[in-house]
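Subject: Structure handover

Hello,

Here is the structure I promised you. Please load it first, then read my notes below.

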Amino acid sequence: MSSNTNKSPPEATPSTREMHLLISSGGSRAILAGAGVVLACHHAGITNWKSIGGISGGSLPTAFTASGMDAKTAVATALDVDFASLLTRRGGMLKILFASLMQRRYEKTRPRFGVLSSEKLGGFIEGKVAIWPSKYWTMACVGDDQLIFTKTGVHLRQADGTYRLLATEAGPLGAAIRGSCAVPGIIDAVPLEAAGEKYWLHDGALSKENRTPVSVPERFYGARPHDIIVCDVGDGDADSKWSRIKLRWWKVICGELCLPPHEPEPLSNDDGYIMIQPTEFNFSSLQFTLTRDQKWQAVMSGYMGAVPSLKAAGLLTGDRLAVAERLVEEFQDMVAYCKQSRARPGLLSTRTEALLTSAGLW
């Protein structure tokens, strides 16, 4: 008998343990905070991804990462792109404001056209990611059904839980991501033909699973809850004072049609998932014109939210943990200083980049 017969197998480390990453919906906040989560996972040494995916805004940083883009480049891409330039306006600001006010109603009525079109977004994505990444997935909604896109096919999950295979090859990446980002009445729905039928794709967050459809990595990639890192940007817009005032007025004007649909309780650590909740944002998810300082704060909100969650899961330890906690503390001090001193625009960005450079992350 070998002397090693009774030895336990070596414990998996962050670099060898197979993990899954899911980044939720949340518009520009999900794009930026999601990039920050990717940076934190890179810092922790998590490299063995079995699946990487997300919906709506979360579909962008996950597509970049799944394509092999390194964490620094993924963050730089999110920082450098002008989100507003990827959407084409169809009308003036009053029309856009009205559509924003009507957003909850449009989530129920699902109009095919909005006040913004996203063709440029599709071109941007396909310019960065040439082919469908092997581990990548995203999802859009068709009525009450889900249309799930993976490298190996396009799948329809119907409201009753049954599945239909519509195609055995990956769908068009740009169209899939555009469809997942198509907020009803705000951003145009995206037409897609599959299995001889035409589908109109809307925001992936409109399914019964809401912002975090963990059923996708569980069904298609065999994921177990404790191996799924979930970044849930949340629905902070709905909790803001302005949103509460807006909802109160529109309930008077259009009644039940303007009430938000029932949303399931968000996932939590109690469900077994590794939950990351980014820290505070200072802009809404549908705000696309942002300063570089605002963008860096959003990126770091994802990084700072990830550090305690990865620590609790045993995925961020030792010297890497010590460095990460130092970065969090020093960044918080920088934000406080910039607020108190009313620092010039750009100072926070410059100091954040210097801070990350000191840790080899920038």
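Before the helix pairs, one definition: axes are lines fitted to C-alpha atoms, for helices over the stretch in contact, and angles run from 0 to 180 degrees between N-to-C directions. Also keep in mind that this is a predicted model.

Helix packing

Start with H11 (residues 292-312) and H12 (residues 318-341). Their axes are 10 Å apart, at an angle of about 140°. The crossing of H11 past H12 is left-handed. On the H11 side, the contact uses Trp-296, Gln-297, Met-300, Tyr-303, Met-304, Val-307 and Lys-311. H12 contributes Leu-321, Ala-324, Glu-325, Leu-327, Val-328, Phe-331, Gln-332 and Val-335. Sorted by class, the contact of H11 with H12 has eleven nonpolar residues, two polar and two charged.

H11 also packs against H3 (residues 71-80). The angle is about 140° here, and the axes lie 9 Å apart. This crossing of H3 and H11 is right-handed. Val-75, Ala-78, Leu-79 and Asp-80 of H3 meet Arg-292, Lys-295, Trp-296 and Val-299 of H11. The contact of H3 with H11 has five nonpolar residues, no polar ones and three charged. Trp-296 is named in the H11 contact with H12 and in the H11 contact with H3.

Cores

In soluble globular proteins, nonpolar side chains tend to be buried together. How many residues does the largest nonpolar core have? The count is 96. Ile-46, Leu-147, Leu-201, Ile-229, Tyr-303 and Leu-310 have the most contacts inside this core. Helix H1 (residues 27-44) supplies the largest share of the core, eleven residues.

Leu-147 is worth a look. Neighbours within four places in sequence aside, Leu-147 touches Thr-138, Met-139, Ala-140, Val-142, Val-154, His-155, Leu-156, Leu-166, Leu-192 and Leu-201.

Cysteines

The whole structure has zero disulfides. For Cys-41, the nearest cysteine sulfur belongs to Cys-231, 9.2 Å away. Cys-41 counts as buried because its relative accessibility is 1%, and the cut-off for buried is under 20%. Cys-141 is at 0%, so Cys-141 counts as buried too.

Individual residues

Is Gly-34 buried or exposed? Gly-34 is buried, because its relative accessible area is 0%. Gly-34 sits in H1. Beyond four places in sequence, Gly-34 is in contact with Ile-23, Arg-29 and Pro-61. Gly-34 and Met-300 are 266 residues apart in sequence, yet their C-alpha atoms are 9.7 Å apart in space.

Trp-200 is part of strand E10. At 17% relative accessibility, Trp-200 counts as buried. Its contacts, with neighbours within four places left out, are Arg-112, Phe-113, Cys-141, Val-142, Ala-189, Val-190 and Pro-191. From Trp-200 to Val-190 is ten residues in sequence and 5.4 Å in space, C-alpha to C-alpha.

Where is Thr-212 found? Thr-212 is in the loop between strand E10 (197-201) and helix H8 (215-221). Its relative accessibility is 7%, so Thr-212 counts as buried. With neighbours within four places set aside, Thr-212 is in contact with Leu-22, Ser-24, Val-230, Asp-232 and Leu-267.

Best wishes

Methods: Residues numbered from 1 in each chain as written. Predicted model: local features only at pLDDT ≥ 70, side-chain atom pairs only at ≥ 80, totals over all residues. Heavy atoms only, no water. Helix = DSSP H or I, 4+ residues; strand = E, 2+ residues; numbered from the N terminus. Left-handed = near helix turned anticlockwise from the far one by under 90°. Contact = heavy atoms within 4.5 Å. Nonpolar A, V, L, I, M, F, W, Y, C, P; charged D, E, K, R; others polar. Core = buried A, V, L, I, M, F, W, Y, C linked by side-chain atoms within 4.5 Å. Buried < 20%, exposed > 50% of the residue type's maximum accessible area, 1.4 Å probe, protein only. Disulfide = S-S within 2.5 Å.
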